[in-house]
Amino acid sequence: METGKVNPTQTLGKTGIPDVGTVHYNLQEAALMQAAVVNGEGEIGNGGAFLVSTGKHTGRSPNDKFVVREASVEDSIWWENNKPMDPAAFDVLHADMLAHMKDGEVYVNDLFGGADPAYRLNVRVITELAWHGLFIRHLLRRPDITELETFLPEFTIVNCPSFNADPERHGCRSETVIAISFEKKLVLIGGTSYAGENKKSVFSILNYLLPEKGVMPMHCSANHAPDNVNDSAVFFGLSGTGKTTLSADPERTLIGDDEHGWSDEGIFNFEGGCYAKTINLSAEAEPEIYATTDKFATVIENMVYDPYTKELDFADDSLTPNMRCAYPLDYIDNASETSRGGVPKNVIMLTCDAFGVLPPIVRLTPAQAMYHFLSGFTAKVPGTEKGVVEPIPTFSTCFGAPFMPRRPEVYGNLLRKKIAETGASCWLVNTGWTGGPKGVGSRMPIRATRALLSAALNGSMDDREFRVDPNFGFEVPISVKGVAKVLLDPRQTWSEGAEYDVQAAKLANMFADNFKQYEPFVDDEVLAAAIKAQ
């Protein structure tokens with residue numbers, strides 16, 4: 001049985017996936033929610049949100065992600081960062097997954113990855129779970145009905161959580177598998193109900209395809225000034241650094257919160273929605289995001305809630321600290337209608353420094369920007385994971401190593417080239433701790449962070465006086481209107497300056513040790529901009 005709207009030449013039986021019992025094509029949000037409730041996948045919450053638990057997988061499974069080692073990609077994949085899968089094993093995995101799905105029920109969504117028609121990717125997402133269909137309709141971009149009549153998928157994702165892989169038979173690590181074949185233009189996902197694997201698979205594909213077209217794919221959020229798409233900014237950052245929060249600035253227009261491309265014409269969102277963390281979310285600190293949590297069809301993922309009132313508990317992380325909400329971009333009042341902007345005037349790299357030594361904002365040269373982009377620094381803090389008793393540095397190249405199929409220098413050189421060609425200003429912003437490490441100091445005040453960002457974005461930072469940081473070599477403003485001067489010199493926020501010096505030297509050495517892996521692949525200018533061991 002088949003239901004829904006589809007290009008009749010592109011039904012599953014005609015595209016190599018036969019024998020599925022019931023196929024639902026491109027159902028609208030209400031129909032997907034209804035199916036999910038009937039199937040027992042979750043329940044309706046306040047305002048018509050959809051409440052769901054993803055089971056034992058409450059986040060991505062990066063150790064179970066593979067790229068098929070095919071001849072056409074052998075010389076272009078960063079194999080040290082991407083686990084290879086034998087093509088024959090992938091074929092067996094594909095056949096076994098289809099056999100498992102035979103006579104079952106699936107939900108098919110034909111979607112776009114990318115707001116710019118010149119660079120977007122046509123993606124067909126086939127899911128076993130109806131709510132996964134709802135999720136991916138939010139996170140990718142939805143064709144209109146007339147576009148569906150001629151839609152031709154370039155890549156296909158098959159996601160079947162009830163299928164458990166066999167490591168010996170399928171050449172993987174566990175019962176969970178995420179495998180990408182660039183030759184077959186196919187992604188297979190099994191053994192996990194975490195919906196984020198769907199969207200990050202599309203990001204990984206675009207990260208491979210776009211550099212060859214001169215487009216810089218970025219794990220970043222983006223916004224632009226009201227009524228001026230040419231005054232745009234991008235915000236790089238790993239999870240927990242404030243990427244989503246800071247880009248959803250009510251004083252600016254949101255382009256997107258997670259994945260973008262930078263072409264010669266400007267920037268464009270890969271997605272059609274947002275996937276925001278909800279732990280400790282409040283109407284006071286993040287009103288735009290908070291307001292989405294009781295809207296129709298918002299997916300509320302892994303949150304504790306009252307079984308009677310359906311009231312959400314934003315403080316209870318007993319299921320996971322990675323609890324989230326997924327919603328369409330137009331749920332944010334100040335979201336861009338086109339999801340596009342001009343060439344960025346400002347590039348911001350966000351870090352959460354739990355060591356408490358980095359200034360709240362610094363200015364970077366293009367070479368320093370490439371250095372910090374390749375470093376991708378943030379820190380895990382005590383209490384976030386079992387056994388973490390002091391800050392642990394996390395260096396994720398390009399602020400998104402798990403999604404980078406190519407070597408990091410490909411992306412680093414692209415970013416540096418675009419910064420040099422456009423004259424964009426570059427800033428490193430620390431949203432972490434000041435006055436001491438986590439457990440001693442305090443979190444950087446979000447009001448101060450917003451004030452500093454505003455000064456950077458509106459150009460008023462340009463006429464400030466800067467000093468060169470003796471430990472890290474970048475430029476730090478001495479004073480900024482509306483921000484306590486002491487915050488700009490982190491050593492002064494510590495009760496003992498000597499303790500700050502020890503911690504700063506420790507972090508500088510961590511930077512230096514991490515960057516040794518890139519030294520053979522960068523030029524002398526970047527090497528000169530590198531943080532030196534102490």
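**Exercise 1.** Is K56 buried or exposed?

*Solution.* The model is predicted, so that local features need pLDDT of at least 70 and side-chain atom pairs pLDDT 80 or more, while totals for chains, interfaces and linings use all residues. Residues are numbered from 1 along each chain as its sequence is written, and side-chain values use heavy atoms, without hydrogens and water.

Step 1. Relative accessible area (1.4 Å probe, protein chains only) sets the classes: buried is under 20%, exposed over 50%, partly exposed in between.

Step 2. With a relative accessible area of 66%, K56 is exposed.

**Exercise 2.** Identify the partner of K56 in a salt bridge, and locate both residues.

*Solution.* Step 1. A salt bridge requires a side-chain nitrogen of Lys or Arg within 4 Å of a carboxyl oxygen of Asp or Glu.

Step 2. The partner is E175, with the closest N and O atoms 2.6 Å apart.

Step 3. K56 lies in the loop between strand 4 (50–52) and strand 5 (65–68), whereas E175 lies in the loop between helix 5 (167–170) and strand 10 (177–181); the two are 119 residues apart. Helices (H or I, at least four residues) and strands (E, at least two) are DSSP runs numbered from the N terminus.

Step 4. E175 is partly exposed, at 30%.

**Exercise 3.** Describe the salt bridge between E259 and K200.

*Solution.* Step 1. The closest N and O atoms of E259 and K200 are 3.1 Å apart.

Step 2. Because E259 belongs to strand 15 (residues 259–263) and K200 to helix 6, the pair ties together parts 59 residues apart in sequence.

Step 3. Both E259 and K200 are buried.
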